[in-house]
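Please look over the sequence and the model below before reading on. The notes that follow take up a hairpin, a nonpolar core and a pocket in turn.

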Amino acid sequence: MKLKRGDQVKVLSGKDRGRQGEVTRVLPASDQVFVDGVHIAKRHTKPRQATTQGGIIDKHMPIQASNVAILCSHCGPTRIGVSHNTDGVKIRVCRKCGGEL
């Protein structure tokens, strides 16, 4: 998986199509990501202890990584490519403009 925590992404499909946000968590085993402010479900909880309050809570749900595209600062939503810099270290690059992400 080429997405990392902290990347700015745009949702390509689903009920939140077109919305942008930051990746807050990555699940590489299931190829899913959590995006801040996107794909929020209502969870009805009841109080468990004296301090825990019950009610309706907004819960962030994961999105399939193929349904989001990383945002390049120059050309917008794009795919991620991998290249090597002069030191031989792998870097992520934009597939459209070739700039470093």
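In this predicted model, strand 9 and strand 10 form a hairpin with 5 residues between them, and Gly 88, which lies in the turn, has a positive phi of about 90 degrees.

**Hairpin**
- Strand 9, covering residues 80-84, and strand 10, covering residues 90-94, run antiparallel and are joined by 5 bridges.
- One of the residues in this pairing is His 84, whose bridge partner in strand 10 is Lys 90.

**Nonpolar core**
- The largest nonpolar core is made up of 12 residues, among them Leu 3, Val 11, Val 33, Ile 63, Val 68 and Ile 80.
- At least two residues of this core come from each of strand 1 (8-11), strand 3 (32-35) and strand 7.
- Ile 63, a member of the core, touches Val 11, Val 33, Val 35, Val 38 and Val 68, and its contacts also include Asp 31, Gln 32 and His 39, when residues up to four places away in sequence are not counted.
- As a general background, nonpolar side chains in soluble globular proteins tend to be buried together.

**Largest pocket**
- The largest pocket holds about 270 Å³ of space, and its lining consists of 13 residues, with Lys 2, Leu 3, Ala 65, Val 68 and Ile 80 lying nearest its centre.
- Sorted by class, the lining has 8 nonpolar, 2 polar and 3 charged residues.
- Strand 7, which spans residues 68-72, gives the most to this lining, with 3 residues.

Note on methods:
Residues are numbered from 1 along each chain as its sequence is written. This is a predicted model: local features need pLDDT of at least 70, side-chain atom pairs count only at pLDDT 80 or more; totals for chains, interfaces and linings use all residues. Side-chain values use heavy atoms; hydrogens and water are left out. On a 1 Å grid over the protein atoms alone, a cavity is a set of points where a 1.4 Å probe fits but cannot get out, and a pocket is an open set with protein on both sides within 12 Å along at least five of seven lines; lining residues have an atom within 4 Å of a point. Grid points are joined across faces, edges and corners, and a volume is the space filled by probe spheres set on the points. Helices (H or I, at least four residues) and strands (E, at least two) are DSSP runs, numbered from the N terminus. Ala, Val, Leu, Ile, Met, Phe, Trp, Tyr, Cys and Pro count as nonpolar, Asp, Glu, Lys and Arg as charged, and the others, Gly among them, as polar. Two strands pair if DSSP finds at least two bridges between them. A nonpolar core is a set of buried Ala, Val, Leu, Ile, Met, Phe, Trp, Tyr and Cys residues joined through side-chain atoms within 4.5 Å. Buried means under 20% relative accessible area, exposed over 50%, partly exposed in between (1.4 Å probe, protein chains only). Contact means heavy atoms within 4.5 Å.
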